Amino acid sequence: MALDIKIFETITPSRFLSFTIPNPVLPAHLLRVAVLDSPVQLTESPQVAALFVPRTREPDWIFSTESGHLQLLLSSPGISRLILIGNNRINGLDSSPLTYHRRDDAQYVKSLENSLKPLFFALSPKVSVKDGIFDVPVLDYEDNLICSVVLERRAGIFVSEMLVEDIEIESDSELREFRRRLRFKRMPNLVQTEIRIVPQKVFELDRVKIGGEVKFRPDTKVLVHSYLIPMVASLSLIGSCIEDRFRKGLKPKALCLGVGGGALLSFLRTQLGFEVFGVEMDEEVLRVARQYFGLEEIQVCVGDAIEYVEKLASRDRVLNLVSGEDNGDCNLNHANVFDAKFDVIMVDLDSCDARNGVIAPPLEFVKKHILLAARSVLSDFGIFVMNVIPPTRLFYDTLIHEFQEIFHELNEIDVGNGENFVLIAKVSPVSSPLSECENSFLQKLRIAILGRYLDSIRKI
């Protein structure tokens, strides 16, 4: 069916269309053209922009899905319509290339841009053309990815399609930097988990290649995801109490709501000596975490984190979890029994909204009875730590208000990436009778996170 070009004369909120055309630079190939209108009308004179997809990255969900296209549009201020142009390589998962290597496409893109100016004109609203002067800016897509290889694609019951990939990224030092990522198709522009990986055997770096014969293993000794480091830094607020736990021969307890690849849980256990428990909605995500991301010797139950906290709060002293390779559901009626009070609860949950993109925490979590339930399962000096990606200032202010209504004190860390904040709520005032030089836990914490964000905690 022929495409009626007149439909592009006006902006229609959230309209998404894609089609193919011959590639004017490579005549034997086709180009995929995808057009998305902003979900909100920004101005009376809508601005149109184009973006060329890096060659061989066309099957990446960032560029091949409507949700990925939407996030690209939302991250481009003032743009009402975004046109994506890439080689037509999206023919299903089986035919998609599993590897990507960055290449210099500047000359190719310039040739395409000159050839496609009439198309850009045709795909622009009438009101965008004034006095015969017309121009569609071409946006640059830049990230630090050098190369990547997909290790596995899977579908979970709740998260749907996901993939695990090994990548090499640009490094500020002379050493090369290799990472492993977990990504979900429903939020293609968001990296759910990222860890550092190192070769299993010693090789000369020049011989190491992503997707080659060299095998990699997870390095759980470091945190590379930007917001996880400030979440861990929050433990400094109760450093004296944690030190007291250790001096009494006890391990502090952490409950992590949202596991993903398990980078945070593994770090708390291996580097800081915590007894860690987790709750993960999707059993397939948990399997991936154990197989690819080094999650081991940590008790995790499969279920809804919010429901779990409510169940936990309804019990006075009993928490039951199933450990090991057999995953238990989140009922509290069997298996191991111990004191249900935690020294820290860390929340790393998110959702995706068609209008605002990624939101953390989910809206369901911003309710007084949920926060009250969380407070009730914390120890007397416990803290409640939450990763926050606020879609609006109102959302963030409302969340702060709910915290301040329930907890003794609220602190904030601005991660500094223009997206994440970490909120830290204290159950009660905590004194610090020990200096850092007397507190071995604080010394260990400072070393583990290289001192980052310890001086960035701000009381709200």
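Me: How does the lining of the second largest cavity divide by class?

Reply: The lining has six nonpolar, two polar and one charged residues. Here Ala, Val, Leu, Ile, Met, Phe, Trp, Tyr, Cys and Pro count as nonpolar, Asp, Glu, Lys and Arg as charged, and the others, Gly among them, as polar. A word on the source: this is a predicted model, where local features need pLDDT of at least 70, side-chain atom pairs count only at pLDDT 80 or more, and totals for chains, interfaces and linings use all residues. Residues are numbered from 1 along each chain as its sequence is written, and side-chain values use heavy atoms, with hydrogens and water left out.

Me: Thanks! Which residues line that second largest cavity?

Reply: They are Ile195, Asp219, Thr220, Val222, Leu223, Ala263, Ser266, Phe267 and Phe293. On a 1 Å grid over the protein atoms alone, a cavity is a set of points where a 1.4 Å probe fits but cannot get out, a pocket is an open set with protein on both sides within 12 Å along at least five of seven lines, and lining residues have an atom within 4 Å of a point.

Me: And which helix supplies the largest share of that lining?

Reply: Helix α7 (residues 263-272) does, with three residues. Helices (H or I, at least four residues) and strands (E, at least two) are DSSP runs, numbered from the N terminus.

Me: What volume does the second largest pocket have?

Reply: About 590 Å³. Of its 28 lining residues, Phe52, Pro54, Asp105, Val109 and Tyr141 are the closest to the centre. A volume is the space filled by probe spheres set on the grid points, which are joined across faces, edges and corners.

Me: Which element gives the most to that pocket's lining?

Reply: α3, with six residues. By class, the pocket lining has 14 nonpolar, two polar and 12 charged residues.

Me: Switching topic: in what order do the five strands of the open sheet run?

Reply: The order is β1-β2-β4-β3-β6, with mixed pairing. β1 (16-22) and β6 are the edge strands, each pairing on one side only. Two strands pair if DSSP finds at least two bridges between them.

Me: In what sense do β3 and β6 pair?

Reply: Parallel, over two bridges. Ala50 has Val138 in β6 as its bridge partner.

Me: Which strands does α3 touch?

Reply: α3 packs on the sheet and touches β2, β3, β4 and β6 (contact means heavy atoms within 4.5 Å).

Methods:
Axes are lines fitted to C-alpha atoms, for helices over the stretch in contact, and angles run from 0 to 180 degrees between N-to-C directions.
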